[in-house]
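Visitor: I'm new to this one and would like to learn how to read it. Could you walk me through how its helices pack, and then its pocket?

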Amino acid sequence: MPVAGPFDLVCRMAEILDDLGVPYALGGSMASSLLGEPRSTVDVDIAVRLDGDSGESLIERAGSWFYVPVETARDAIRNHSAFNLVDTTSALKVDLFVVGEGLLDRMQLERRVRMDVPGARDGIWVTAPEDQVLRKLDWFRQGASLSDRQWRDVVGILRVHGRSMDLEYLTATARAVGLREELAAALREAEGPGGAS
C-alpha cells in the first residue's frame, strides 16, 4: 500500500508497532493537530519503548517498507535517543524517539489514549493532551523559549480541551519537571480573550 501522506505513514507505523507489541504514542505536531488546533504538518514523531530484542524486531519488520539506518537505530535504542525511518516510495520520514525512564517519558506512554482515525485498523495511540502540553513546553524550553510553533501548539491544546483536562496532574507534573512558570503563562494565554472558558 503506497503512502500518500504523513497520516498514511502514521497508520502504517501504528500497525507495525501494534503487531510487534511495542508501546508507542504519536507525539509532535501531528498529535498537537489532532488534540488542538489543526495545522498543516509533515512531521511524524512517535515515542516508542524499545529494548535490544524489540528493537531488532522493529528494524527487521520496518525494513520491508522503510530505509532503516541500522547502526544509528541500534545506537538510539541503546542510548534512548532518536532515529528516523524513510518511506521508500514517498521519501516521507518518521522520527522515532526511544523513551527512557524520565518522568515525561514514562507518563507519555502510561497515559496515552487510543484514537479512532480513518485508515487505522484499530485506531492509534496518541499522547494524552496533558502530556502533549508538557512535552511541547519542554521542547519550547530547550529551544530557549524561541519556538513560536511549539508555543502555539500548547495554547491550541489548552484552548480546545479547556477544563476537561486534568489540571491537577498537569500542574503537579509541570512543577516536578521545572515547567511551572511556562505552564502558568500558557494557561493565562489560553484563557484570555477567545480562549477556553
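Visitor: Which hand does the crossing of H7 and H9 have?

Guide: Keep in mind that this is a predicted model. In it, H7 and H9 make a right-handed crossing. Their axes come within 9 Å and cross at roughly 60°.

Visitor: How are H7 and H9 set to each other, then?

Guide: An angle of 65 to 115 degrees would count as roughly perpendicular, and one under 35 as roughly parallel. At roughly 60°, H7 and H9 are therefore oblique to each other.

Visitor: Which residues of H7 and H9 meet?

Guide: On the H7 side, look for Trp151, Val154, Val155, Leu158 and Arg159. They meet Glu182, Ala185, Ala186, Leu187, Glu189 and Ala190 in H9. Sorted by class, this contact has eight nonpolar, no polar and three charged residues.

Visitor: What about H8 and H9, at what angle do they pack?

Guide: Helix H8, residues 167–176, packs against helix H9, residues 180–190, at about 140°, and their axes are 7 Å apart. Over 145 degrees would count as roughly antiparallel, so H8 is oblique to H9. From H8, the contact takes in Leu167, Leu170, Thr171, Ala174 and Arg175, and from H9 it has Arg180, Leu183 and Leu187. That makes five nonpolar, one polar and two charged residues in the contact of H8 with H9.

Visitor: Where should I look for the contact of H2 and H6?

Guide: Start with the two helices: H2 covers residues 28–35 and H6 covers 129–142. They pack at about 135°, with axes 11 Å apart, which makes H2 oblique to H6. This crossing is left-handed. Gly28, Ser29, Ala31, Ser32 and Leu35 of H2 touch Pro129, Gln132 and Lys136 of H6. By class, you'll find three nonpolar, four polar and one charged residues there.

Visitor: Now the pocket. What volume does the largest pocket have?

Guide: The general idea is to roll a probe the size of a water molecule over the atoms, which shows where empty space is left. Here, the largest pocket has a volume of about 450 Å³. Its lining has 23 residues, and the closest to its centre are Gly28, Asp45, Phe97, Arg135 and Trp139.

Visitor: Which elements give two or more residues to that lining?

Guide: They are H2, strand E2 (45–48), strand E5 (93–98), helix H5 (103–110), H6 and helix H7 (148–161). H6 gives the largest share, six residues.

Visitor: And how does the lining of the largest pocket divide by class, that is, how many nonpolar, polar and charged residues?

Guide: Seven are nonpolar, nine polar and seven charged.

Terms used. Residues numbered from 1 in each chain as written. Predicted model: local features only at pLDDT ≥ 70, side-chain atom pairs only at ≥ 80, totals over all residues. Heavy atoms only, no water. Axes fitted to C-alpha atoms, helices over the stretch in contact; angles between N-to-C directions. Helix = DSSP H or I, 4+ residues; strand = E, 2+ residues; numbered from the N terminus. Left-handed = near helix turned anticlockwise from the far one by under 90°. Contact = heavy atoms within 4.5 Å. Nonpolar A, V, L, I, M, F, W, Y, C, P; charged D, E, K, R; others polar. 1 Å grid on protein atoms, 1.4 Å probe; cavity = no way out; pocket = protein on both sides within 12 Å on 5 of 7 lines; lining within 4 Å. Points joined across faces, edges and corners; volume = space filled by probe spheres on them.
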